[in-house]
Amino acid sequence: MSQNPPVVLSVAGTDSGGAAGTAADLTTFAALGVHGACVITAVTAQDTLGVRAVHPVPVEVVAAQLDAVLEDLDPVAVKTGMLADPAVVRLVGERCADRILVVDPVVVATSGAVLADEETLAAYRTHLLPVATVSTPNADEDALLGRGHRTPVIRTGGAGDDVLHRPGVVPLRIEHPVVVTDNDHGTGCTYASALAAYLARGHDLPDAAACAAGFVVEQLTTGRHWSLGRGRGPIAHIPPTPGGSA
């Protein structure tokens, strides 16, 4: 009898363009050998040019989805993306604190616009980040949320290195090649879901962070010359081309 793969749960919104959110999470989980489950927190209408509309899923429906997965599939790890309101943030913090929990705090857009109100930010600081195994904010999100929660943080960026901050430990720089491309929509989601997959497979945090960065570099390289859409194209969600992409 074959051994079951680890189960990793994505709690996030949809992306109709197939680049970010649950689209990125589930394809990344599959690529890295874990079984992906999903809880949808919001349905978005978006493309490579931006978000056209967001329809939050009622908290009771989010809770029902979460209960269904937690009670039946017992995921090893949970990765969060867009959480539509403070009640959903609190819900995830309460139900998922006993598992590997990777929090990608989707609270600042690439443009710099703040996507979450102060109540939602407070819920992150009080209910979710303190129970997270690790969070993966970009520089703007890191500055906005702060680190009063004293849990590990990987500040991600595109300048060739990420930085792992852990309480009482010297920050660890995780260097990686820079891929020059406009096809990077969904990069943050892909990184966080890869991190969750590697942690679920038993890697320690520094190694999982390095492996996740390497995976993202491969996917950016695969799709760097694509011309999908009229804006910033999607990061690749297909296996790397043998011998490298042309």
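The entries below follow that order.

**Basis.** I worked from a predicted model, in which local features need pLDDT of at least 70, side-chain atom pairs count only at pLDDT 80 or more, and totals for chains, interfaces and linings use all residues. Residues are numbered from 1 along each chain as its sequence is written, and side-chain values use heavy atoms, with hydrogens and water left out.

**Entry 1: strand E1.** I took helices (H or I, at least four residues) and strands (E, at least two) as DSSP runs, numbered from the N terminus. I counted as buried any residue under 20% relative accessible area, with exposed meaning over 50% and partly exposed in between (1.4 Å probe, protein chains only). For strand E1 (residues 7-13), I found 7 of its 7 residues buried. Val7, Leu9, Val11 and Gly13 point one way from E1, while Val8, Ser10 and Ala12 point the other way.

I then looked up the pairing of E1, where two strands pair if DSSP finds at least two bridges between them. E1 runs parallel to strand E2 (residues 35-47), and 7 bridges join the two. Val11 has Val39 of E2 as its bridge partner. Between E1 and E2 the chain passes through helix H1 (residues 21-31), and this β-α-β crossover is right-handed; that is, with the strands pointing away from the viewer, the path from the first strand over the helix to the second runs clockwise. E1 is also parallel to strand E4 (residues 77-80), with 4 bridges, and there Leu9 is partnered by Val78.

**Entry 2: cysteines.** I searched the whole structure for disulfides (a pair of cysteine sulfur atoms within 2.5 Å) and found 0. For Cys96 the nearest cysteine sulfur is that of Cys38, 14 Å away. Cys96 is buried, at a relative accessible area of 0%. Cys189 is likewise in no disulfide, and its nearest cysteine sulfur, that of Cys38, is 14 Å away. Cys189 counts as buried at 12% relative accessibility.

**Entry 3: the cavity.** I used a 1 Å grid over the protein atoms alone, a cavity being a set of points where a 1.4 Å probe fits but cannot get out, with lining residues having an atom within 4 Å of a point. The largest cavity holds about 40 Å³ of space, a volume being the space filled by probe spheres set on grid points joined across faces, edges and corners. Its lining includes Pro105, Leu129, Asp142 and His149. Helix H5 (residues 139-145) gives the most to this lining, with 3 residues.

Definitions and conventions
1 Å grid on protein atoms, 1.4 Å probe; cavity = no way out; pocket = protein on both sides within 12 Å on 5 of 7 lines; lining within 4 Å.
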